[in-house]
Every structure is written in C-alpha cells, then in structure tokens.
Amino acid sequence: MYNKAHALIVASENMKEYLIEKGVVNPKIYVQNLWDLPEKVDISITPKFMKRISFTGNDGKFGIMDAFPESDVALEVYGSDKREDVPQNINFNPFISDEHVLLNKLREGGFGLVWAENEHVRNYMHYCNSYKVSTYLRAGIPVIAHKSISCAKLL
C-alpha cells in the first residue's frame with residue numbers, strides 16, 4: 001500500500017530506514033524530525049544551571065521513578081500521581097495543560113528528560129517524534145535523552 005502512495009511524510013530518519021528495509025521503494029519519503037511548538041515563551045526568563053531534571057508525562061508509561069536514584073539532583077515530575085515509595089529528591093507536580101505556563105516553569109532552569117525504562121515505549125521513541133523534546137528545546141533547557149531516540153543525532 002505504501003508503494004502506491006505519491007509521497008510519505010514520516011516522523012524520523014529511523015522510520016524512513018525501517019520502511020525501506022520492509023520494501024517501500026516507490027514514493028518520495030519526507031522526514032519531519034521534530035514537532036513544532038509555536039507557543040511563545042517569556043524571554044525575560046533566562047534558564048539557569050540547576051541540579052534539577054524535569055520530566056513531563058505520566059510515569060506509569062515510562063518507568064522513570066523506579067530507576068531514578070536518590071541524590072542531590074531533584075526530579076520534577078509533571079503529570080504523574082504522587083507516590084510514597086520513591087526517593088526524597090523526586091517531587092510531584094500536577095499536570096499543566098497550559099503550554100505557556102509549563103514552558104515558563106521549565107524555563108526557570110535545569111534539564112529536560114526524554115527517557116523510558118519500558119522497552120516497548122523506548123522502541124516507540126526510536127521511530128517516532130517526541131513532543132517532550134520540542135517542549136524542552138522551546139523552553140530553552142538542555143535535553144537528557146536515551147541514545148536510541150529518533151532525534152538523538154540532532155541533540
């Protein structure tokens with residue numbers, strides 16, 4: 001079916017390579033690489049170096065909290081239910097649906113985390129774009145990511 005298309009738009013170079021390996025030869029294949037996040041940020045806020053890592057999303061899917069060590073680095077989790085069985089340096093924050101508010105909170109400083117301990121989710125991140133990457137980059141903070149994600153070379 002893909003070979004009958006005039007063109008394909010795929011999320012990543014990894015996805016393009018996968019489709020070619022599976023026999024897609026006829027259509028032009030365009031790679032998007034990253035999702036755009038056109039939300040405005042407050043440029044008067046300059047991100048600072050902080051021993052803080054921010055993770056946006058429901059951790060039940062990604063398994064970050066089970067692997068994050070107790071240390072002097074804080075993990076700010078946005079959008080997961082609070083758990084009691086985690087190290088003291090993990091802080092829970094409510095889900096922030098307003099992108100402007102979230103970006104300015106992230107922009108205070110630290111790092112953004114794009115990671116999954118779950119093998120199925122990690123495989124998904126190898127082929128697809130992560131909205132988290134775009135969010136952290138738009139906030140102006142550095143990104144910590146697994147070496148296998150789709151935009152690892154870009155980072």
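Which residues of helix H5 (residues 119–127) are buried? I looked this up in a predicted model, in which local features need pLDDT of at least 70, side-chain atom pairs count only at pLDDT 80 or more, and totals for chains, interfaces and linings use all residues. Residues are numbered from 1 along each chain as its sequence is written, and side-chain values use heavy atoms, with hydrogens and water left out.

**Entry on H5.** I found Val121, Arg122 and Met125 buried, where buried means under 20% relative accessible area and exposed over 50%, with a 1.4 Å probe and protein chains only. These residues cover an arc of only 100 degrees around the axis, which puts them on the same side of H5; the arc is that of the directions from the helix axis to the C-beta atoms. On the other side of H5, I noted Glu119 and His120 as exposed. The buried residues of H5 pack against helix H2 (59–62) and strand S6 (109–114), with contact meaning heavy atoms within 4.5 Å. Helices here are DSSP runs of H or I with at least four residues, and strands are runs of E with at least two, numbered from the N terminus.

**Entry on H4 and H6.** I then turned to helix H4 (residues 99–106) and helix H6 (residues 131–139), whose axes come within 8 Å and cross at roughly 65 degrees; axes are lines fitted to C-alpha atoms over the stretch in contact, and angles run from 0 to 180 degrees between N-to-C directions. In H4, Glu99, Leu102, Leu103 and Leu106 meet Tyr131, Thr135, Tyr136, Arg138 and Ala139 of H6.

**Entry on the chain.** I recorded six helices and seven strands, and of the 155 residues, 41% count as buried.
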